[in-house]
Amino acid sequence: MDSSASLLNKLKGADPFFLLAGPNVIESEDHILRMADYIKTITTKHEFLFSSPPPPAFFFWNHLLGLPLVFKSSFDKANRTSSKSFRGPGMAEGLKILDKVKVAYDIPIVTDVHETIQCEAVGRVADVIQIPAFLCRQTDLLVEAAKTGRIINIKKGQFCAPSVMVNSAEKIRLAGNPNVMVCERGTMFGYNDLIVDPRNLEWMREANCPVVADITHSLQQPAGRKLDGGGVASGGFRELIPCIARTAVAVGVDGIFMEVHDNPLNAPVDGPTQWC
């Protein structure tokens, strides 16, 4: 059995669920390594033995012990609201940092791609390649990602019905890769809001693969926050993350996706919807 199939089987067999978690974007090598240390320690069954003092709020997570973890962070946030916003270190430097996390903490990695030319390089480091929600129907991107043989996590577009994910997952399989999962991340509700419809978590089972619930992005208010001096940025409802998490677990999802940060109020990207 190849490594991707083996990892997917491990994730599918998780009880009660597996976890995809990490900061939204790579801010620095030091920060990413520190966060990986915190998160891995918290999600294992071992004692809290940190290489550096953890933020006190992280102990809220102590009920998550024993979960299979895939560490997440992005090397480039290509769809930021403003061209002036922080995007990350870029692919070359970002993949080097993620590879260091993988080696140092012996944990699988998930990161996203936005263009077909990124897939081969990302597939050499990432164990799971994530397709952003806005790109969930882009056939060329799906096929190129599938060719890496890695697990492909496809986020459902905010504008899509859950049935669309059946076709997106099938594009991965028809490209010769059976290792696929689909992810709910909310549905547009007007111009600057998203809602979470728990029925989608069940209907997406029709894709015949693991279903993941993104419990942080689904609470965004896209371009819903006005900035001092003009312009807009995405807001969100961090306080509702536990509510959406409990809902998803009650429905019986296979995995939980959440972006976390040790200081979300000062995070350069998606601070309003990162958990601490």
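**Helix packing and burial in the predicted model**

Helix α2 goes past α3 in a right-handed crossing; a crossing counts as right-handed if the near helix is turned clockwise from the far one by less than a right angle, and left-handed if anticlockwise. This is a predicted model, in which local features need pLDDT of at least 70 and side-chain atom pairs count only at pLDDT 80 or more, while totals for chains, interfaces and linings use all residues. Numbering starts from 1 along each chain as its sequence is written, and side-chain values use heavy atoms, with hydrogens and water left out. Helices (DSSP runs of H or I, at least four residues) and strands (E, at least two) are numbered from the N terminus.

Back to that first pair. α2 and α3 (residues 91–105) pack at about 35°, and their axes sit 10 Å apart. The axes are lines fitted to C-alpha atoms, for helices over the stretch in contact, with angles running from 0 to 180 degrees between N-to-C directions. From α2, Glu29, Ile32, Leu33, Ala36, Asp37 and Lys40 meet Ile97, Lys100, Val101 and Tyr105 of α3, contact being heavy atoms within 4.5 Å. That contact is made up of six nonpolar and four charged residues, with no polar ones. Here Ala, Val, Leu, Ile, Met, Phe, Trp, Tyr, Cys and Pro count as nonpolar, Asp, Glu, Lys and Arg as charged, and the others, Gly among them, as polar.

Serine 28 is partly exposed, at a relative accessible area of 30%; the cut-offs are under 20% for buried, over 50% for exposed and partly exposed in between, with a 1.4 Å probe and protein chains only. In sequence, serine 28 is 65 residues from glutamate 93, yet their C-alpha atoms are 9.9 Å apart in space.

The crossing of α5 past α6 is right-handed. Thr139, Leu142 and Ala146 of α5 touch Ser168, Lys171 and Ile172 of α6, a set that splits into three nonpolar, two polar and one charged.

Within α6, the buried residues are Val164, Met165, Ser168, Ala169 and Ile172. They span an arc of only 130° around the axis, so they sit on the same side of α6; the arc is taken over the directions from the helix axis to the C-beta atoms. Their cover includes α5, β5 and β6. Asn167 and Leu174 are exposed on the face turned away from the buried side of α6. After α6 comes glycine 176, with a positive phi near 95°.

Helix α1 (residues 3–12) buries Ser4, Ala5, Leu7, Leu8 and Leu11. Viewed down the axis of α1, these fall within an arc of 165° and so line one face of the helix. They pack against strands β1 (18–22), β2 (69–72), β4 (128–131), β5 (151–155) and β6 (180–184). Ser3 and Lys10 are exposed on the other side of α1.

Overall, the protein has eight helices and 12 strands, and 54% of its 276 residues count as buried. Among contacts with a separation of 6 or more, 66% join residues 24 or more positions apart.
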